[in-house]
Amino acid sequence: MSLFNYLLSGVLFGAGLIISGMANPENVIGFLDLFGVWNPSLLFVMASAISVGLVGNLIRKKRATPIFEIEWQLPTKKDIDQKLIVGASLFGVGWGLSGYCPGPGILTAFLTPSIGLIFLVSLIAGSYAFEKSEELSKPKATKATP
């Protein structure tokens, strides 16, 4: 049942991106263009998403367990550290420059491969670079001398 739920969630998310116009990067870039032809559509999409999230959170607080899963899967990390700030900043700059965040970028890779695949390859390369930088930043285990 979980795979079906994931598929359904993805299809609903993709449909929401298409209906809201957020699969079009010009809408995102237009929202950030405060001194040009400003496009407020992203503001309405964000308000809608926050509203749905608030309702979902209220439901989560009232139910001991989810309907289609065994337990709630919630983030455990609560602190704001340098990695979070740098990562969020890079994400925001990339989103602002390209007009794509991962959801619309992946959707565009299927709908308009000539454009979306460039984003998708960049997303994978960035993820790979992050994983490698994490491996390099971990302290190496040293061998104990006898």
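This is a predicted model: local features need pLDDT of at least 70, side-chain atom pairs count only at pLDDT 80 or more; totals for chains, interfaces and linings use all residues.
Residues are numbered from 1 along each chain as its sequence is written. Local features need pLDDT of at least 70, side-chain atom pairs count only at pLDDT 80 or more, and totals for linings use all residues, while side-chain values use heavy atoms, without hydrogens or water.

The largest pocket holds about 710 Å³ of space. Its lining comprises 20 residues; Ser9, Pro66, Phe68, Glu69 and Trp72 are the closest to the centre. A pocket is an open set of points on a 1 Å grid over the protein atoms alone, where a 1.4 Å probe fits, with protein on both sides within 12 Å along at least five of seven lines; lining residues have an atom within 4 Å of a point. Helices α1 (2–20) and α3 (41–62) each supply at least two lining residues; helices are DSSP runs (H or I, at least four residues). By class, this lining has 12 nonpolar, 5 polar and 3 charged residues.

The second largest pocket holds about 600 Å³. Of its 17 lining residues, Leu90, Phe91, Leu123, Gly126 and Ser127 are the closest to the centre. Two or more residues come from each of α4 (82–98) and α6 (113–137). The largest share, 8 residues, belongs to α4. The lining divides into 10 nonpolar, 6 polar and 1 charged.

Beyond its neighbours within four places in sequence, Leu42 is in contact (heavy atoms within 4.5 Å) with Met22, Val28, Phe31 and Trp95.

How values were computed:
Grid points are joined across faces, edges and corners, and a volume is the space filled by probe spheres set on the points. Ala, Val, Leu, Ile, Met, Phe, Trp, Tyr, Cys and Pro count as nonpolar, Asp, Glu, Lys and Arg as charged, and the others, Gly among them, as polar.
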